[in-house]
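Subject: Structure for your files

Hello,

Here is the structure you are taking over. My notes on it follow below.

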Amino acid sequence: MLQLKSVTKVYPGNTKAVNDVTVTIPNGEFCVLLGPSGAGKSTLMGLINGLVLPTSGSVVLNDEQVDARNQKKVQQRISMIHQQLHLIPRLSMLHNVLSGKLYALPLWRVLAKHFPENDQRRACQLLAEVGLDESQLHRRVSALSGGQQQRVAIARAFMAHPEIVLADEPVASLDPTVSRSVLASLRHTSKQNNTTVVCSLHQVDYALEFADRIIAMREGKIVFDGPPQRVSESELVNIYGSSDDDKSTAIKPVPQIEREVALA
């Protein structure tokens with residue numbers, strides 16, 4: 001269980017990026033963060049993984065408070081999927097996924113690419129869970145499509161049995177059909193592994209489709225916290241304001257062909 005208790009983060013210049021946030025996220029939940037640019041989503045994710053320490057309040061992961069003394073220990077229990085992915089282009093899909101376990105292996109194994117058999121089995125299982133074929137295990141990541149690379153990054157994030165996976169705009173650069181397919185893979189893998197996912201998105205329709213729960217922020221505060229079914233047009237105006245410049249608020253049915261592709 002992840003708990004943020006009255007958490008505030010103030011940056012130099014008295015900027016409150018996160019302002020008195022209290023929230024509890026149970027194990028295994030797929031939680032989507034929404035909000036306009038500058039709402040505090042990235043700072044909130046940094047607070048969760050210990051890269052940012054709160055000015056006041058506390059962050060607690062399964063009864064252990066995150067602080068300066070245990071930052072590195074906590075970060076080994078949390079995985080991150082970045083927008084830029086940070087894959088190694090010349091390495092295979094398999095070895096990129098295995099790199100998610102590097103911190104736990106002796107240097108000689110890493111240099112020799114000699115990974116334990118049980119780790120290799122888990123990497124193969126995760127690649128299958130995100131829909132990548134076993135016949136492509138040794139294919140270089142540089143030869144993969146953007147959607148395939150994103151799936152490799154998802155598999156890598158789950159490699160070390162993390163308690164939480166943080167995904168920062170994981171489909172920002174992908175087209176709609178591929179985006180839905182990738183988010184379906186992320187959700188499926190999180191459920192298979194009973195792993196909590198906190199995923200930051202700008203696309204409201206994706207949040208409505210995939211989230212168990214939506215937490216929306218504005219000016220550092222939580223302005224909505226609940227299931228997707230409770231998100232209405234009036235709630236979206238409360239989250240984003242009346243301007244259409246920084247939102248995708250169209251609540252429309254997902255075309256059936258796209259839904260079938262995403263859930264395949």
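How many helices and strands does the chain have? There are ten helices and ten strands, where helices (H or I, at least four residues) and strands (E, at least two) are DSSP runs, numbered from the N terminus.

This is a predicted model, in which local features need pLDDT of at least 70 and side-chain atom pairs count only at pLDDT 80 or more, while totals for chains, interfaces and linings use all residues. Residues are numbered from 1 along each chain as its sequence is written, and side-chain values use heavy atoms, with hydrogens and water left out.

The sheet

An open sheet of six strands runs in the order β6-β7-β8-β3-β9-β10, with mixed pairing; two strands pair if DSSP finds at least two bridges between them. From one strand to the next, the twist averages 20 degrees. β9 (residues 213-218) pairs with β10 in the antiparallel sense over five bridges, and I214 has G226 in β10 as its bridge partner.

Helix α1

Helix α1 packs on this sheet and touches β3 (30-34), β6, β7 (164-168), β8 (196-200) and β9; contact means heavy atoms within 4.5 Å. Its direction makes about 155 degrees with that of β7, using lines fitted to C-alpha atoms (for helices over the stretch in contact) and angles from 0 to 180 degrees between N-to-C directions. Seven of the eight residues of α1 (residues 41-48) are buried, so the helix is largely enclosed by the rest of the structure. Buried means under 20% relative accessible area (1.4 Å probe, protein chains only). Those residues are K41, T43, L44, M45, G46, L47 and I48. Just after α1, G50 has a positive phi of about 85 degrees.

The cores

A nonpolar core is a set of buried Ala, Val, Leu, Ile, Met, Phe, Trp, Tyr and Cys residues joined through side-chain atoms within 4.5 Å. The largest has 49 residues, of which L34, V152 and L186 touch the most other members. Helix α6 (residues 146-157) gives the most to this core, with five residues. A second, separate core of 25 residues includes L33, L47, V52 and I215. Leaving out residues up to four places away in sequence, L186 touches F30, I81, I154, F158, A167, V197 and C199.

The whole chain

Of the 264 residues, 53% count as buried. Among contacts with a separation of 6 or more, 68% join residues 24 or more positions apart.

Regards

Note on methods. Buried < 20%, exposed > 50% of the residue type's maximum accessible area, 1.4 Å probe, protein only.
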